[in-house]
Each structure stands twice: as C-alpha cells, then as structure tokens.
Amino acid sequence: MTEREAKALAERLAKDSDVFDFDRALELVRRRPVDAEELVRMDEEMERRQKKRSRARQRRRQALIEDFF
Amino acid sequence: MVERLFIRILVAVALCLALLAFVLAPVPVDPRGNPDLPAPAFEQVDLYRLEVALLVFYGYLLLVTPAFSGLLRGRLPIEISTRGAKFAAEADEAAVENEAAIRALERTTRQLTQGLKGAQIEIESLQEPAQ
C-alpha cells in the first residue's frame with residue numbers, strides 16, 4: 001500500500017468516527033492494513049444497508065398510501 | 001380534549017345499545033313456542049342475548065371507528081383487525097422508530113469495533129519496547 005493510499009484509507013476511517021482521528025486511523029492503517037480495510041468495508045456495508053432500509057421504507061410508505069386509496 | 005370526550009360518548013352509546021340489545025333482543029321461537037336458538041347459543045337464552053349484545057357493541061365500533069376517523073380526521077384505517085384499527089401514519093411512525101433504533105445500534109457497533117482495533121494497536125505499541 002502506497003503512502004497516498006494509506007492516507008486515503010485513514011481519511012475514510014476517520015470520517016464520522018468518534019474513536020479515530022486521522023493520525024490514529026493512519027497508525028491503524030500502517031500497523032494493521034487488513035483490519036483497516038475491514039473497518040472501511042464494514043462502514044460501506046452499513047451505509048448500503050441504511051440506504052436499502054431507507055428505500056424499503058419509502059416503498060412501504062408508498063404502498064400504505066396506495067392501499068389507503 | 002373534545003375528541004376524547006366525543007369518543008367517550010360514542011363508546012357510552014355503544015355500551016347502552018349493547019345493553020338494550022341484551023334486554024330487548026327477541027328470542028326466536030319455534031311454532032310450539034319453545035326457544036329456537038342458533039347453534040352458537042348452545043340453547044341458552046342468556047348466552048344468545050350476550051352474543052347479540054357483543055355483536056351490537058363490536059359491530060357499532062367497527063362501523064364507528066372508520067366513520068369517526070374519516071369524518072373527523074379525514075383519514076381511513078388501512079387495517080381493522082381484532083387488535084383494532086391501524087392507520088398508515090402509525091405504521092410509518094413505527095418503521096421510523098425501528099430505523100432510528102437500528103441506526104443507534106449500528107453506530108454503537110461501529111464505535112465498539114473501532115475501539116477494539118484502537119485498543120489492539122495500543123497494546124501492540126506497549127508490547128514493542130519489551131520485545
């Protein structure tokens with residue numbers, strides 16, 4: 001992993017995190033790159049699930065309105 | 001406040017009608033003058049009257065619930081079951097609450113996982129000078 005890639009990964013890890021600031025995230029990326037990538041994947045998966053639930057809720061809301069009429 | 005009072009009046013009317021039905025409901029009789037009750041009454045006049053009263057009470061509520069919400073609130077229930085009437089907004093509110101709870105759990109899980117990884121790094125860095 002290049003330094004640039006490590007910094008990009010650290011930035012993604014530190015984003016919206018209460019635990020990692022950029023420096024700490026960078027340390028994690030350097031020491032445990034596999035764990036860092038796993039954490040980023042978990043975040044991405046969480047975002048995907050949130051979007052999926054949001055879409056499902058919209059569809060449900062729409063279905064309720066259509067059933068109503 | 002006015003709405004609740006109105007609901008109390010409607011339920012009181014339902015109860016009065018049910019009691020009246022219990023007292024005044026005619027008991028069907030056969031040509032010989034004996035009670036000719038339907039099967040669910042198990043040939044008991046009191047049970048028959050009770051069933052008529054329940055029918056009147058819940059029939060009235062079944063009729064009044066959508067009429068009340070339709071006329072006063074301008075919306076109809078999406079479902080009426082033995083557990084009562086369900087409205088679209090209420091169902092949606094429940095979904096919103098569930099979504100908020102799931103998000104909170106996900107945030108906590110994320111914090112714990114990141115905290116664990118952070119702690120592992122700390123432990124490793126503490127172990128390094130000893131090695």
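Which residues does A:Leu28 touch, not counting residues up to four places away in sequence?

Author: Happy to! This is a predicted model, in which local features need pLDDT of at least 70 and side-chain atom pairs count only at pLDDT 80 or more, while totals for chains, interfaces and linings use all residues. Residues are numbered from 1 along each chain as its sequence is written, and chains are lettered from A and ligands numbered from 1 in the order in which they are written.

Leaving out residues up to four places away in sequence, A:Leu28 touches A:Leu13, A:Phe20, A:Asp35 and A:Ala36, and also B:Lys117 and B:Ile121 of chain B; contact means C-beta atoms, placed from the backbone, within 7 Å.

A:Leu28 is one of the buried residues of α2(A), along with A:Ala25, A:Leu26 and A:Val29. Buried means that 20 or more other C-beta atoms lie within 10 Å of the residue's own, with C-beta atoms placed from the backbone. Helices are DSSP runs of H or I with at least four residues, numbered from the N terminus. These four lie on the same side of α2(A), because they cover an arc of only 160° around the axis, the arc being that of the directions from the helix axis to the C-beta atoms.

A:Leu28 also belongs to the largest nonpolar core, which has 11 residues, including A:Leu13, A:Phe20 and A:Ala36. Such a core is a set of buried Ala, Val, Leu, Ile, Met, Phe, Trp, Tyr and Cys residues joined through C-beta atoms within 7 Å. In chain A, α1 (3–14), α2 (22–31) and α3 (33–68) each supply at least two residues of this core, and the largest share, 4 residues, comes from α2(A).

Notes
Buried ≥ 20, exposed ≤ 12 C-beta atoms within 10 Å, placed from the backbone. Contact = placed C-beta atoms within 7 Å.
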